[in-house]
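These are my notebook entries on a structure that I had not examined before. I record what I looked up, in the order in which I looked.

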Amino acid sequence: GFEVYCARSDVRLHVPADRSVLDCLREAGLPVLSSCEQGICGTCELSVLNGDPDHRDSLLNDEDYAGGAFLACVSRSRSAVLTLDI
Ligand code: FES
């Protein structure tokens, strides 16, 4: 697992190997819209502020990633902490 730091909310949460970032954010009371939950629609897009995201979506391209785009329903983190703009 890894840790997500929600910069705007000042909330830290742990994402275990068997749970999605999306689920963990919701459990922490942070509302994120979603639809497909398979990394193909883009509804759950958030922005990475810091860390090394492990993108697992099937929608975004390198330009999107360079701009910080992150699909919370499927993507994860390679760094111990991933800071998101939420
Ligand atoms: Fe569709 Fe995440 S909910 S990409």
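**Entry 1: the hairpin**

I began with the hairpin of strand 1 and strand 2, where four residues lie between the strands and Asp10 takes a positive phi near 55 degrees. I note here that the model is a predicted one.

Strand 1 covers residues 2-6 and strand 2 covers residues 11-15; five bridges join them in the antiparallel sense. I checked Phe2 in particular and found that its bridge partner in strand 2 is Val15.

**Entry 2: the other partner of strand 1**

Next I asked in which sense strand 1 and strand 7 run. They run parallel, with four bridges between strand 1 and residues 81-84, which form strand 7. Opposite Cys6 I found Leu84 of strand 7.

**Entry 3: the whole chain**

I turned to the secondary structure and counted seven strands and two helices in the chain. In sequence order, the elements follow the pattern β-β-α-β-β-α-β-β-β.

I looked up the contacts with a separation of 6 or more, and 53% of them in this chain are between residues 24 or more positions apart.

**Entry 4: dimensions and burial**

For the extent of the chain, I noted that the C-alpha trace spans about 30 × 25 × 25 Å along its principal axes. Finally, I looked up burial, and 26% of the 86 residues count as buried.

Terms used
Residues are numbered from 1 along each chain as its sequence is written. This is a predicted model: local features need pLDDT of at least 70, side-chain atom pairs count only at pLDDT 80 or more; totals for chains, interfaces and linings use all residues. Two strands pair if DSSP finds at least two bridges between them. A residue is buried if 20 or more other C-beta atoms lie within 10 Å of its own, exposed if 12 or fewer, and partly exposed in between; C-beta atoms are placed from the backbone. Two residues are in contact if their C-beta atoms, placed from the backbone, lie within 7 Å.
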